[in-house]
Amino acid sequence: TQSSTRRYYYCVCRAFVTFTMESDDGGSAAQEMKKYLDRIMASGFKNSNRSASAKQELVTNAAARFSLGDSLAMEAVHACSSDKAFKRVLDLLISSLLEEAKELSVTETSTNISKAVCHLIIEHKERAEHESLSLDLMRQAIKSLDKAIKEEELDECRIISESMMAVARIPLAEAQRATYIPALILAGKVHAMASTYSEDTGFRRQQVDLLGRRLFALGSSAKPATSSEVNLAAPLIESLAKAEFEGTMIPAINFKISVDRSSTMESLHAFFDILLRENKGDYLENHLGGSTNFVRNAIQTCTDAGSTKRRDAVGVLRILAQASPAAGTAMISEQLSRAIKNMTLSSGSRECVVDAYKQVALSLLALRKTGTVVDDSGWRTMAEKYAFPSIDKSGANAQLVQDAREAWMELTKSGPKSSQK
């Protein structure tokens, strides 16, 4: 019967998954493996003591793949404790996904296995921050797919790509946060492997639209992406054309800023840092003011006593100054000056404003040292009209005041003596 067949292949799956979990530090996993293999052998699976045979049986049988996608893959994801274990599970999942794609339609199993691949990558990334894991699992997944997929397998590429996109479309929830990122990256990589679809702009529009909607949690009460999540999405952000940024990212950013300005600053800080690193800082120039008004929103976050993202807001201002050394720095300097005149500002808000002045000056000094030709003709005026008076009258920490003044003095090679005692 179908149920007995599935139970049988559940045992096959469980045996091989346990094998992949065999740790380097002891025999408990090996004992579990033997127990499950013994059960399988009792059911008539003759070559179950050989991992290659078990894997072949697992990968090529639809019932076994169903069991893997149904629950066992996620058990394996959470049980991994070493780079070797993560790689074994990844190889198993990729092999199963490739085999499932031969069905030539997106199935529940292909989607579930794709989801497990993405969870595996996220799990490894999170563990690597605290444990001694060094494997780049995203790169390994791309390498495995590239090696396995042949040029003529265009239909299989389409199924794998669509299965990954199905994962990216799953509504945001804490239990699956960030899985959309490897899903979008892998979908794009597999899509590109099939040259027939290389000029399919429809796929690219879907990919970029989903990226914006997920990073900034549109249609959801969830928080926007954290800095680590944005950095994981760097390959997608780096590839953005200016028209894509304007047409897709800006509307998403505008919406999220309007409902959760403070949390969005963390996302923007990491996002803008990637753009600047890719020499795409000019994407930001049209949005210093206007309806998006990155400058005003960052400064309001600085001066919001309840904000926990002040450091990110300062980082945003630093990047905006580097992206637009003339107009951007002028706007930032003037608006910081206005902000500091608010007598009701808390001491923390005042120190955030002074730190913003300091970081803006340091970022411009760093830009100058790169040899980049910039219009610095207005910097002295900004310093004398806005920066020095605001810093001196801020009432902020004396050391911070001194550091901020010195940064602007170095930037302009000028400056009145401090009036703060």
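This is a predicted model: local features need pLDDT of at least 70, side-chain atom pairs count only at pLDDT 80 or more; totals for chains, interfaces and linings use all residues.
## The big picture

Let's start with the whole chain. It has 421 residues, and 53% of them are buried. If you go looking for secondary structure, you'll find 20 helices and 0 strands.

Helix α5 covers residues 83-101, which is 19 residues. From its first C-alpha to its last, α5 reaches 27 Å, close to the 27 Å expected at 1.5 Å a residue. How many of its residues are buried? The count is 14 of the 19, so α5 is largely enclosed by the rest of the structure.

Move on into the loop between α5 and α6 (108-128) and you come to Leu-104. Leu-104 isn't a glycine, yet its phi is positive, at about 65 degrees.

## Helices α8 and α9, side by side

Next up is a pair of helices, α8 (residues 154-168) and α9 (residues 180-193). Their axes come within 8 Å and cross at roughly 160 degrees. Angles over 145 degrees count as roughly antiparallel, so that is the label for α8 and α9. The crossing is left-handed.

Who does the touching? On the α8 side, the residues are Cys-157, Ile-160, Ser-161, Met-164, Met-165, Val-167 and Ala-168. On the α9 side, they include Tyr-180, Leu-184, Leu-186, Val-190 and His-191. Sorted by class, this contact has 13 nonpolar residues, 2 polar ones and no charged ones.

Now jump ahead to the loop between α14 and α15, where Asn-293 sits. Here's another residue other than glycine with a positive phi, in this case near 45 degrees. Asn-293 has a relative accessible area of 9%, so it counts as buried, the cut-off being under 20%.

Lys-309 belongs to the loop between α15 and α16. Its relative accessible area is 19%, and that makes it buried too, since it is under the 20% cut-off. What does Lys-309 touch? Leaving out residues up to four places away in sequence, its partners are Ser-262, Ser-263, Met-265, Glu-266 and Thr-301. Along the chain, Lys-309 and His-269 are 40 residues apart, and their C-alpha atoms are separated by 10.0 Å.

## Helix α16 and what covers it

Helix α16 takes in residues 310-323, 14 residues in total. Its reach from first C-alpha to last is 20 Å, close to the 20 Å expected at 1.5 Å a residue. α16 is mostly covered, with 12 of its 14 residues buried. Among the buried ones are Arg-310, Asp-312, Val-314, Gly-315, Leu-317, Ile-319 and Gln-322. What does the covering? It includes α14 (261-277), α15 (294-303), α17 (327-340) and α18 (347-369).

Look at α16 together with α18. The two axes come within 8 Å and cross at roughly 35 degrees, and the crossing is right-handed. From α16, the residues that meet α18 are Arg-310, Val-314, Leu-317, Arg-318, Ala-321 and Gln-322. Those they meet in α18 include Gly-348, Cys-352, Asp-355, Gln-359, Val-360 and Leu-367.

## Helices α17 and α19

The last stop is where α17 meets helix α19 (residues 379-392). Their axes come within 9 Å, with a crossing of roughly 20 degrees. Angles under 35 degrees count as roughly parallel, so α17 is roughly parallel to α19. This crossing is left-handed.

Which residues meet here? α17 brings Thr-329, Ala-330, Ser-333, Glu-334, Ser-337 and Ile-340, while α19 brings Trp-379, Met-382, Tyr-386 and Ser-390. By class, that gives 5 nonpolar, 4 polar and 1 charged.

Key
Residues are numbered from 1 along each chain as its sequence is written. Side-chain values use heavy atoms; hydrogens and water are left out. Axes are lines fitted to C-alpha atoms, for helices over the stretch in contact, and angles run from 0 to 180 degrees between N-to-C directions. Helices (H or I, at least four residues) and strands (E, at least two) are DSSP runs, numbered from the N terminus. Angles under 35 degrees count as roughly parallel, over 145 as roughly antiparallel, 65 to 115 as roughly perpendicular and the rest as oblique. A crossing is left-handed if the near helix is turned anticlockwise from the far one by less than a right angle, and right-handed if clockwise. Contact means heavy atoms within 4.5 Å. Ala, Val, Leu, Ile, Met, Phe, Trp, Tyr, Cys and Pro count as nonpolar, Asp, Glu, Lys and Arg as charged, and the others, Gly among them, as polar. The expected span of a helix is 1.5 Å times one less than its number of residues. Buried means under 20% relative accessible area, exposed over 50%, partly exposed in between (1.4 Å probe, protein chains only).
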